[in-house]
Structures are given as structure tokens and as C-alpha cells.
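Take a look at the structure below. The paragraphs after it lead you through it, one region at a time.

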Amino acid sequence: MSLDETLLSGDRLSLARLLTQVENGDPQARPVLDRLYQYTGHAHRIGITGAPGTGKSSLVNLLTRTIRSTSAKTVAIIAVDPSSPFTGGAILGDRVRMRDLAGDAGVFIRSMASRGALGGLAVTTAQLVQVFDAVGFDLIMIETVGAGQAEVDITRLAHTTLVVEAPGFGDDIQAIKAGIMEIADILILNKADLPGVENTERALRSNLEMGYSGAITRKARHQTSAADAENDGNEGVWTPPILRTIATEENGTVAVWKMIQKHYRYLQSSGGLERLLRERLCKELEDRVQANLINEWRDTTGTFKMESALQQVVDKKWSPDQAVDWLLHSN
Ligand SMILES: Nc1nc2c(ncn2[C@@H]2O[C@H](COP(=O)(O)OP(=O)(O)OP(=O)(O)O)[C@@H](O)[C@H]2O)c(=O)[nH]1
Ligand SMILES: [Mg+2]
């Protein structure tokens, strides 16, 4: 059997090897990725993001258990930590939390440390997703910690984005502060067993109702034209629902799974899937061009030239812009 056939037949060892090559930016992975690309496009990609410690990994773990026990769908999980260069601890913790999924041949878990992302975290994550999609996983969950541009970039890879909130951060809702409510298709209020859950839900709801992250953004995101809006009737705008969960007890995960499927059906019927695909690929191409250009530039410029430009700027002989002009345009 060729490597491609082995991968497509679901061999876990060659899959793990390819994922490592992708993470390390190993050039050997490139032709394999090129050949596998034609098999992509079947997976439902689900992003899970939110402030640190809100229970994302616990939720992913038990949601996967729910999915595996109620459907035949296979699940790949990618845990990314863009905020910390020391992902070791988080990965270890995730291994413990996701331990009960081990041994299930329909589940594959991959934790990614940011150090492994030579071409940029978003590009590497996109490549990992591409591999899982090609080899036939039905669902791909992408967990990211924190609340910054990296998360927004990564959730762009997803069809359905879950933003996880939890009570106990005072009256402050972390995601609202950071603006990631805007990317939520489903809001999860986890740790519903803790005090303060009513307050947090009220705050989330009033934020949605203000339209700040609700109808207007949704509309822009999910409708391509006025014609679409007419065809969709009342379903033209997806309003993010708020679902309570207790991830440690698998409480509420059935409702979350149903809502994820509902959102996918909505995307299918509203034309959103097509549009998300184009948007995502456009962003992906730009990201890759950017990563390649900067690598080519580094290769050709050399440290000596960079050092001399830097010294000129340090000595205030050149402004940063003048240095960039020289770096890019002088031979
Ligand atoms: N009481 C309670 N604790 C929970 C719940 N869900 C998760 N936890 C606990 O919250 C802590 C953090 O959970 P994680 O699943 O690691 O959270 P996370 O969002 O993945 O964390 P990071 O990846 O580090 O950002 C753990 O100690 C969990 O056991 C819940 O529903 N209720
Ligand atoms: Mg986690």
C-alpha cells in the first residue's frame, strides 16, 4: 500500500507521523498534503474558545463522549495554546482530562504547542485540520485558549464556533471584554453548578440583545445577498443560543450536540457553508503567502544586512521606515 492509501485507510501510526511532520514544518509533509487536499471538505469543523480555565477541555472531552455514544461519527480534537510558549503543562492537563477517550478508535487527540508552528499558528492548525478532514474524520474540534487575534484566526477555520463562559470571573464577562462574543455561534455557560450563574447568564443575554454581537454581525456573516435573505425567511439570521453545561458531569452536552447539528443544517440551507469555505480559503491563501514571503525574505536578506539596518535605527541615523525601504529594495 502507498502512504496515501495507508493514511486514507485510517492507519493511526502514519497519521501521527504526518501530523508531527506538519507541526515541525518538515518539507516531506508537503507533497502528502498536496495529494490529500482533494479528499477534504467532508468534515464539520467546530471551534471551541474562551478564557483560560472556563472548562473548554472538559467540555470537549465529555461532548465527544456524548457524540460517540449517540452517533457513529468519528472525532478529531486539536488543542492549541497560542498564548503560552510553554504548553507542556496544559497538554499534560488535557491528557488527564481526555484520558477516558483513549482507546476509542473513532477519536484522535492532538495537542499543539505554539513552538511547532514555523509558518504561523493559524497556518499549521489549518494544515492539521486538512489532514484530519482528508483521512475521513466526521467532526474536527479545535480548542484554543485565551482571547486574542490568534483565537479569532483559528476559529475562522471552524464552521461552528462555541464560546465557553463560566461564572466566577466577577461581573466581568471575559469574552465580551475581548470581543470574542462576536464570533460565537453557540454560547456555552459552563460550570452551571457554581454560584453566580444567573448573573453571568443575564449579562450574556443582555449583551446579545443589545445587538452588539447579535443580529447585525450575524447577518453580515451569514447572508451573502438580499436574495439569500428572502429565501431564508425568518431563519436568515442565526441568533446565538446560550446553553448551560456542567462539563465535569456530562450535564447539558446532549443539548450542545443537538445545537451543533442544528447550526450545521442552518449553514447548509442558508448557503453559509459555501461562503464560509470561500472566506476561509481566501484567508488561508493570504496567510500562506505572508508566511512564505517572510521566510523567503529572511533567507535572502541574511543576518549581516539585518544587523546593519538595525544598527542604523538604533543610532537614529535611519527611521524604521527608511530601514525597511533599504532592506526590501536595495540590492
Ligand atoms: N465546578 C465545575 N468545574 C468545572 C466544570 N467544567 C470544568 N471544570 C473544572 O475547571 C477546571 C478547568 O477545566 P479545563 O477543562 O481544563 O478548562 P480549559 O478551559 O480547557 O482550560 P485551559 O485550556 O487551561 O484554558 C478543571 O479543574 C475542571 O475540572 C464545571 O462544569 N463545573
Ligand atoms: Mg484546555
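Which residue in β7 is the bridge partner of Leu189? Keep that question in mind; the answer comes with the strands.

This is a predicted model, in which local features need pLDDT of at least 70, side-chain atom pairs count only at pLDDT 80 or more, and totals for chains, interfaces and linings use all residues. Residues are numbered from 1 along each chain as its sequence is written, while chains are lettered from A and ligands numbered from 1 in the order in which they are written.

Start with the whole chain. The protein chain has 14 helices and seven strands. Both kinds of element are DSSP runs, numbered from the N terminus: helices are H or I with at least four residues, strands are E with at least two. Of the 331 residues of the protein chain, 36% count as buried. A residue is buried if 20 or more other C-beta atoms lie within 10 Å of its own, exposed if 12 or fewer, and partly exposed in between, with C-beta atoms placed from the backbone. Now consider contacts, meaning two residues whose C-beta atoms, placed from the backbone, lie within 7 Å. Among contacts in the protein chain with a separation of 6 or more, 75% come from residues 24 or more positions apart.

Next, the strands. Two strands pair if DSSP finds at least two bridges between them. Strand β5 covers residues 160–165. Four bridges join strand β1 (residues 44–50) to β5, and the two run parallel. Ile46 has Thr160 in β5 as its bridge partner. β5 is also joined to β6 by four bridges, again in parallel. There, Glu165 has Leu189 in β6 as its partner. β6 in turn pairs with strand β7 (residues 242–244) in the parallel sense, over three bridges. That brings back the opening question: the bridge partner of Leu189 in β7 is Arg244.

How enclosed is β5? Six of its six residues are buried, so β5 is largely enclosed by the rest of the structure. Both faces are covered. Thr160, Leu162 and Val164 are buried on one side, and Thr161, Val163 and Glu165 on the other. Look at Val163, in strand β5. Val163 counts as buried because it has 30 C-beta neighbours inside 10 Å. The C-alpha atoms of Val163 and Ile186 are 6.5 Å apart, although 23 residues separate the two along the chain. Ile186 belongs to β6, whose faces are both covered as well. Ile186 and Ile188 are buried on one side of β6, Leu187 and Leu189 on the other.

Follow the chain out of β6. Lys191 sits in the loop between β6 (186–189) and α9 (197–209). Lys191 is buried, because 24 other C-beta atoms lie within 10 Å. Most residues other than glycine have a negative phi. Lys191 has a positive phi of about 60°, although it is not a glycine. Lys316 also has a positive phi, of about 65°, and is not a glycine. Lys316 lies in the loop between α13 (272–314) and α14 (320–329). With 7 C-beta neighbours inside 10 Å, Lys316 counts as exposed.

Two packed helices are described by the angle between their axes and the distance between the axes. Helix α12 (residues 253–270) packs against α13 at an angle of about 90°, with their axes 5 Å apart. α12 and α13 are therefore roughly perpendicular to each other, a term for angles of 65 to 115 degrees. In this contact, Tyr266, Leu267, Gln268 and Ser270 of α12 meet Gly272, Leu273 and Leu276 of α13. By class, the contact has four nonpolar, three polar and no charged residues. Here Ala, Val, Leu, Ile, Met, Phe, Trp, Tyr, Cys and Pro count as nonpolar, Asp, Glu, Lys and Arg as charged, and the others, Gly among them, as polar.

Further along α13 is Lys283. With 15 C-beta neighbours inside 10 Å, Lys283 counts as partly exposed. The C-alpha atoms of Lys283 and Ala122 are separated by 9.9 Å, and the two are 161 residues apart along the chain.

Finish at ligand 1. Ligand 1 is surrounded by 18 residues, the closest being Gly55, Lys56, Ser57, Ser58 and Ala247. A residue is near a molecule if its C-beta atom, placed from the backbone, lies within 6 Å of it. α4 (56–70) and α5 (88–97) are the elements that give two or more residues to this shell. The shell divides into six nonpolar, eight polar and four charged residues.

Definitions and conventions
Axes are lines fitted to C-alpha atoms, for helices over the stretch in contact, and angles run from 0 to 180 degrees between N-to-C directions. Angles under 35 degrees count as roughly parallel, over 145 as roughly antiparallel, 65 to 115 as roughly perpendicular and the rest as oblique.
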